Every structure is written in structure tokens, then in C-alpha cells.
Amino acid sequence: MSAYDDDNIFAKILRGEIPCHKVYEDDVALAFMDVMPQGEGHTLVIPKKSKARNVLEMEPDELAALMPRVQKVAKAAKAAFGADGVMLIQYNEPAAGQTVFHPHFHVIPRFADVPLKPHSGKMADGELLKAHAAKIVAAL
């Protein structure tokens with residue numbers, strides 16, 4: 001296992017070095033729009049104080065505190081977009097698809113018969129992300 005990298009993108013977002021389209025924040029978690037969304041309303045929920053690289057390394061009490069926030073954001077995202085369902089995705093280690101080594105949950109509203117967009121490496125329009133964030137905030 002590698003050590004936690006304080007220069008990962010989520011750590012920089014938490015320090016305010018990189019902007020984000022914030023959806024929710026409290027003393028435990030920060031939720032914000034994924035800049036390369038795989039669907040409308042794709043949101044990320046991250047713990048604010050964890051120095052773990054992923055969920056496997058989190059202390060059980062840290063994970064227990066985070067999960068109600070993930071659920072809260074998931075319910076709001078589903079409602080905000082009138083989705084048929086919501087997908088929660090969490091990757092651990094490169095072999096499983098993890099690319100940012102800070103614990104995080106993807107919250108993706110899902111619609112029947114609408115496939116996920118592939119990761120293109122292209123960032124979404126900032127105004128669109130801002131509008132999507134506002135919809136989720138309103139649903140909270």
C-alpha cells in the first residue's frame with residue numbers, strides 16, 4: 001500500500017485550491033459535481049478528514065459517519081432529476097478502476113434504457129454543472 005498523497009485532486013478541492021460545484025457540505029463530507037459526468041447529476045461524495053486512500057483503508061467509524069451523507073445526496077440527486085433509480089459506485093485500487101486515491105462515492109441518477117456515458121477525459125460545461133448542482137441543492 002502506498003501512503004496517502006496530500007496533493008491528490010480531492011485533497012486540493014478540500015483545501016480550496018481547486019474549485020468545485022458544491023452540492024452539500026458539513027463537518028464530515030463534501031459533495032460536488034463530477035467534472036466528467038457519466039450521466040446527468042453525477043455527483044461525488046468524499047470524506048473531509050480522512051487520510052485513507054480508499055474505503056478499504058478507512059476506519060469503520062469514518063465510513064459509518066460518511067454513509068448517511070452518501071444516502072442523503074443520493075436521495076436528493078434521484079429526486080432532483082426525476083430518475084428511475086440511482087447508482088452508487090465506489091472503486092478500491094487501480095485494478096478495480098480507482099484513479100483518485102482519496103475515498104469517494106459516485107452518485108449517478110439512472111434512467112431506464114439510458115446507458116452511462118463513457119469516461120471521455122473531457123470536462124463538462126461549467127454552466128451545466130452549476131445548473132445540475134443547483135437542482136440537487138434544491139432537492140436537499
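# Briefing on a predicted α/β chain

At 10% relative accessibility, Gln38 counts as buried, even though its place is in the loop between E2 and strand E3 (43-47). That makes a friendly starting point for a tour of this model, which is predicted. The chain it belongs to has 3 helices and 5 strands, and these follow one another from the N terminus as α-β-β-β-α-β-β-α. With a radius of gyration of 14 Å, close to the 14 Å that the globule rule gives for 140 residues, the chain is as compact as a globular protein of that length.

**Overall build**

- Along the principal axes, the C-alpha atoms of the chain fill a box of roughly 40 × 30 × 30 Å.
- Of the 140 residues in the chain, 41% are buried.
- Among contacts with a separation of 6 or more, 63% are between residues 24 or more positions apart.

**Surface and charge**

- The side chains include 16 positive and 18 negative ones.
- The centres of the positive and negative sets lie 5 Å apart.

**The nonpolar cores**

- The largest nonpolar core has 23 residues, and the ones with the most contacts inside it are Val23, Val45, Leu66, Val107 and Ile136.
- At least two residues of this core come from each of strand E1 (22-25), strand E2 (29-33), helix H2 (60-81), strand E5 (105-110) and helix H3 (126-139).
- H2 gives the largest share of this core, with 8 residues.
- A second, separate core has 7 residues, among them Phe10, Phe32, Leu44 and Val100.
- What does Val23 touch beyond its neighbours within four places in sequence? Its contacts are Ala31, Phe32, Met33, Thr43, Ala133, Ile136, Val137 and Leu140.
- Two of these names have come up already: Ile136 is listed with Val23 among the residues with the most contacts inside the largest core, while Phe32 is a member of the second core.

**A closer look at Gln38**

- Gln38 is buried because its relative accessibility of 10% falls under the 20% limit.
- Which residues does Gln38 contact, leaving aside its neighbours within four places in sequence? They are Ile108, Leu116, Lys117 and His119.

**The loop between E4 and E5**

- Thr99 is found in the loop between strand E4 (85-89) and E5.
- Thr99 is exposed, since its relative accessible area of 67% is over the 50% cut-off.
- Although Thr99 and Asn8 are 91 residues apart along the chain, a separation of 9.9 Å is found between their C-alpha atoms.
- Glu93 also has its place in the loop between E4 and E5.
- The phi angle of Glu93 is near 80 degrees, which is a positive value in a residue other than glycine.
- Is Glu93 buried, exposed or partly exposed? Glu93 is partly exposed, with a relative accessible area of 24%.

**The loop between E5 and H3**

- Asp113 sits in the loop between E5 and H3.
- Phi of Asp113 is near 65 degrees, again a positive value in a residue other than glycine.
- Asp113 is exposed, with a relative accessible area of 83%.

Notes
Residues are numbered from 1 along each chain as its sequence is written. This is a predicted model: local features need pLDDT of at least 70, side-chain atom pairs count only at pLDDT 80 or more; totals for chains, interfaces and linings use all residues. Side-chain values use heavy atoms; hydrogens and water are left out. Helices (H or I, at least four residues) and strands (E, at least two) are DSSP runs, numbered from the N terminus. The radius of gyration is taken over C-alpha atoms; the globule rule is 2.2 Å times the number of residues to the power 0.38. Buried means under 20% relative accessible area, exposed over 50%, partly exposed in between (1.4 Å probe, protein chains only). Contact means heavy atoms within 4.5 Å. Lys and Arg count as positive and Asp and Glu as negative; His and the chain ends are not counted. The place of a charge is taken as NZ of Lys, CZ of Arg, CG of Asp or CD of Glu. A nonpolar core is a set of buried Ala, Val, Leu, Ile, Met, Phe, Trp, Tyr and Cys residues joined through side-chain atoms within 4.5 Å.
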